[in-house]
Every structure is written in structure tokens, then in C-alpha cells.
Amino acid sequence: MPTEDVASPRATVDVLAIAAHRDDVEQTCGGTLLVQQALGWRTGILDLTRGEAGTRGSAAERAAEAEAAARILKVAHREALDLPDGNVENTLANRLKIAAVLRRLRPRVVILPYWQGRHPDHYTSATLGYEACFAAGLSKLDIDPAHGKPHRPYKILYASLYADVRPTFVVDITPHIETRLQSLLAYRSQYGAQDTGATLFVPESDIRERMFATARHYGLLAGVRYAEPFVQKEVASIVDLMTLPVQSI
């Protein structure tokens, strides 16, 4: 995508999900983006790589699939950087690339991958994304002023669906669970029935069951049907105890 000219001052978002690969967002926080969009917030996705090193599909196929998934998720903006697929590194050059996007899109909330995981691109993207969020607010950073003024997101969250950790909170995605599934299935090169990479990928016949089971597990933690989990590093501040959600007993 984007649905608007990326150079336009209007091409800003409220919530930006940053992930290493096209389809990572759909797997971990696609339902949450649907919830935020339904609440009236502008959502966006920044994919750091283009999928040229994947076992299945080409970069061109992944681009078309990502655009289709973006329409299903109703995001206002989606773009991909050119970091090497399979070799995402936390370098100054890469931090500047992400910081430039942050200045242009000016999100209040950024969702990053969890900082531990099997794939090095995923956990590296967590640290890279955090440090880029910090750098984007530095007034003397070497970034073309055309990208906009210094900007730092207010809140950084970590999508922890595939991490074995207790979430800080979950987002109820029950009304959007079917749409979330459709966004993932838009990646036919990845999830369509085929022999290539058969031992690495979830069989198409199992995707629905696995996705719903995982969302159901996290929903049960908070007394809702289907949910996506998140971790935040900050301690929340509460004033009115009567407004605390989720019944204890």
C-alpha cells in the first residue's frame, strides 16, 4: 500500500505495527489493528524486509499479498523497507531508516515484536525498533528534514503471542477473529498447500484451528473469547480502582 501519498502531511497514523517480515503482523497483532481501526484510529504497518530470502514465495509475491492483507486489515498505510531478509541488524543506518518513517507517520503507539524468539530477525527487530523510536526524537539526527520534525511515540508495546511469557494485557479481538484469519490466508505463497517447506510451515488445513486455539487461550486469561497478548515494560498508573478491568474471582 499506502492508501495515501507517503510524502503527504496527511499520511500519518495513530498506531504503527513494525515487524521483520510481511505476514508477521498478521500472525501476532492483526486483530488488534482491526480493533483500533474500528475505534476510529488510523493504523499502519511497517515491514522491515521484503521476503527475498524466504523458503516460499518471492519478494514480488509477498508484496502483492501484503497489499491484499492490508486491505483486509483496513490499515491506512503500509510500506516495506529494504533490510536484508534473514539478516536484520541493529545498525545506525537501519535505525535511521526506521526513524525517518516514524517522523513521517508520527504514530502515538508503536507495536514491536517480542524481544525473544526463534528467528533472529524477530528479536533483533524488537531492539532495532525501540532504538529507532528513541533516535527519531533526537533533534540533531542526520535525517532529511523532508521526513518531518523529531518525533517519539508515546507508547511502545510488544506483541508476545508466540513468546512463552505472561502478557501484561490482552486485546479482545472476538468480533474480528474471522477477518484476522482472512488477512493471514491472503499470503497464499506462504500458507497455501504445497510441498516446499512442508516441514517448516503450518499446513493450511491446520491454520484455522491453531489460530483460534491460541486466541482462545489468551482470551480465557482475561475472560473474553478471543484475544491477542501484549507486554509493556512500564508499570501502569491507576487512580480509580473501581475502573480496573477483569474480575478477580
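Analyst: A residue is partly exposed when its relative accessible area lies between the 20% cut-off for buried and the 50% cut-off for exposed. Keep in mind that this is a predicted model.

User: Is Leu-244 buried, partly exposed or exposed, and why?

Analyst: Leu-244 is partly exposed because its relative accessibility is 47%. Find Leu-244 in the segment after strand E7 (227-231).

User: How do I read Pro-120?

Analyst: Pro-120 has 42%, so Pro-120 counts as partly exposed. Pro-120 belongs to helix H5 (residues 120-135). Now look along the chain. Ala-20 is 100 residues away from Pro-120, yet their C-alpha atoms are separated by 9.6 Å.

User: What is a disulfide, and how many are there here?

Analyst: A disulfide is a covalent bond between the sulfur atoms of two cysteines. The count here is 0.

User: Are Cys-29 and Cys-133 buried or exposed?

Analyst: Cys-29 is buried, at 2% relative accessible area. Cys-133 is buried too, with 2% relative accessibility.

User: How is empty space found, and how much lies in the second largest pocket?

Analyst: Roll a probe the size of a water molecule over the atoms, and the empty space shows up. The second largest pocket holds about 500 Å³ of space.

User: What lines the second largest pocket?

Analyst: The lining has 14 residues. Nearest the centre are Thr-168, Phe-169, Val-170, Pro-245 and Val-246. Strand E6 (169-172) and helix H8 (204-222) each supply at least two lining residues.

Methods: Residues are numbered from 1 along each chain as its sequence is written. This is a predicted model: local features need pLDDT of at least 70, side-chain atom pairs count only at pLDDT 80 or more; totals for chains, interfaces and linings use all residues. Side-chain values use heavy atoms; hydrogens and water are left out. Helices (H or I, at least four residues) and strands (E, at least two) are DSSP runs, numbered from the N terminus. Buried means under 20% relative accessible area, exposed over 50%, partly exposed in between (1.4 Å probe, protein chains only). A disulfide is a pair of cysteine sulfur atoms within 2.5 Å. On a 1 Å grid over the protein atoms alone, a cavity is a set of points where a 1.4 Å probe fits but cannot get out, and a pocket is an open set with protein on both sides within 12 Å along at least five of seven lines; lining residues have an atom within 4 Å of a point. Grid points are joined across faces, edges and corners, and a volume is the space filled by probe spheres set on the points.
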